[in-house]
Amino acid sequence: MSKLKIKRGDNVIITTGKKDIKGKTGEVIEVIKKEGRDPRVVVAGLNIIKKHVKPSASNPQGGIVEREASIHISNVALVGKDGKAIKVGYKIEGDKKVRINKKTGETL
């Protein structure tokens, strides 16, 4: 499996998808990377779904819960300082490998 360019805590913009979430930005809560499946990300406050939950010990009432659903990683892009989507590259600085903005060359 290849290295992903988006990490938890990054600000991303949704480039494609449903019209109610396309173009919105948010912070990555989780990166889901499973063997044999495409990588996905969960973005805070976006792609909200309603899930029917059975009563349990932790949730005795049960009912309908709203939560964030995952989005395919190809449908999101990192956001630059200007608020637009950017492409990510890598550069070796000293003995560390850092992510850079391909257009401006600044580190992320």
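I count strands as DSSP runs of E, at least two residues long, numbered from the N terminus. I am working from a predicted model.

**Asp10**

I placed Asp10 first: Asp10 lies in the segment before β1, which spans 11-14. Is Asp10 buried or exposed? I found a relative accessible area of 12% for Asp10. The cut-off for buried is under 20%, so Asp10 is buried.

Next I looked up the polar partners of its side chain. A polar atom of the Asp10 side chain lies 2.8 Å from the backbone nitrogen of Lys7. The side chain of Asp10 also makes a polar contact with the side chain of Arg99, at 2.9 Å. Leaving out residues up to four places away in sequence, I listed what Asp10 touches: Lys5, Gly26, Glu27, Val28, Leu78 and Arg99.

I checked the partner of β6. Strand β3 (residues 40-43) is joined to β6 by 3 bridges, and the two run antiparallel. Val41 has Ile71 in β6 as its bridge partner.

**Core**

Val41 came up again here. The largest nonpolar core has 15 residues, and Ile6, Val12, Val41 and Val76 have the most contacts inside it. The elements giving two or more residues to this core are β1, β3 and β7 (76-79). Beyond its neighbours within four places in sequence, Val41 is in contact with residues including Ile6, Val28, Ile71 and Val76.

Terms used
Residues numbered from 1 in each chain as written. Predicted model: local features only at pLDDT ≥ 70, side-chain atom pairs only at ≥ 80, totals over all residues. Heavy atoms only, no water. Helix = DSSP H or I, 4+ residues; strand = E, 2+ residues; numbered from the N terminus. Buried < 20%, exposed > 50% of the residue type's maximum accessible area, 1.4 Å probe, protein only. Polar contact = N/O pair within 3.5 Å; in protein donor to acceptor, adjacent residues only side chain to side chain. Contact = heavy atoms within 4.5 Å. Pairing = 2+ DSSP bridges. Core = buried A, V, L, I, M, F, W, Y, C linked by side-chain atoms within 4.5 Å.
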